Amino acid sequence: MEEFDKNIITKFLEVETVRELAFILDTPYKTLKYNLYKARDEDKYEVFEIKKRNGGIRRICAPISGIKRLQKNLSIKLNHLHNPKFCAHGYVKERNIITNA
């Protein structure tokens with residue numbers, strides 16, 4: 001994994017346009033614009049069901065690859081901006097149910 005450029009954080013906080021956001025998220029402007037404004041919400045996710053151990057059904061809404069890539073890039077930027085409280089363990093890197101215990 002590349003070393004994170006701290007200058008990106010400053011740029012991310014100063015974003016004012018979709019074009020600037022596309023640059024920060026390392027995605028083509030037209031792709032971001034399409035996913036934000038043109039693509040129908042129901043086309044952005046693949047919906048399917050899987051069986052649970054107890055016999056029930058779990059509905060999964062998985063993002064298509066383009067949306068998933070955007071979410072991942074955004075997640076990386078946001079994780080560098082956010083400093084979670086010591087008591088938070090869910091979805092925090094290097095924390096889990098064992099560190100919570």
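Which helix gives the largest share of the nonpolar patch? Hold that for a moment.

First, the model. This one is predicted. The protein chain carries five helices and two strands. Along the sequence, the order runs α-α-α-β-β-α-α.

Now the overall dimensions. The radius of gyration of the protein chain is 17 Å, whereas a compact globule of 101 residues would have one near 13 Å. Along the principal axes, the C-alpha atoms fill a box of roughly 45 × 40 × 25 Å. As for burial, 19% of the 101 residues count as buried.

Back to the opening question. Helix α4, residues 65–81, gives the largest share of the nonpolar patch: three residues. The patch is on the surface and is formed by L13, L74, L78 and L81. Together, these leucines have about 330 Å² of accessible area.

Take L81. That residue sits in helix α4. Is L81 buried, partly exposed or exposed? Its relative accessible area is 31%, so L81 is partly exposed. The cut-off for joining a patch is over 30%, and L81 has 31%.

Next, charge. There is a surface patch of positive charge, where R19, K30, K33 and K38 gather. Which element supplies the largest share of that patch? Helix α3, residues 29–38, with three residues.

K30 lies in helix α3. Its relative accessibility is 69%, so K30 counts as exposed. The line for exposed is over 50%.

The nonpolar one draws its largest share from helix α4. The positive one draws its largest share from helix α3.

Technical notes. Residues are numbered from 1 along each chain as its sequence is written. This is a predicted model: local features need pLDDT of at least 70, side-chain atom pairs count only at pLDDT 80 or more; totals for chains, interfaces and linings use all residues. Side-chain values use heavy atoms; hydrogens and water are left out. Patches are made of residues with over 30% relative accessible area and no salt bridge: like charges are joined within 9 Å, nonpolar side chains (Val, Leu, Ile, Met, Phe, Trp, Tyr) within 5 Å. Accessible areas come from the Shrake-Rupley method with a 1.4 Å probe; for residues, only the protein chains shown count as cover. A salt bridge is a side-chain nitrogen of Lys or Arg within 4 Å of a carboxyl oxygen of Asp or Glu. Lys and Arg count as positive and Asp and Glu as negative; His and the chain ends are not counted. The place of a charge is taken as NZ of Lys, CZ of Arg, CG of Asp or CD of Glu. Helices (H or I, at least four residues) and strands (E, at least two) are DSSP runs, numbered from the N terminus. Buried means under 20% relative accessible area, exposed over 50%, partly exposed in between (1.4 Å probe, protein chains only). The radius of gyration is taken over C-alpha atoms; the globule rule is 2.2 Å times the number of residues to the power 0.38.
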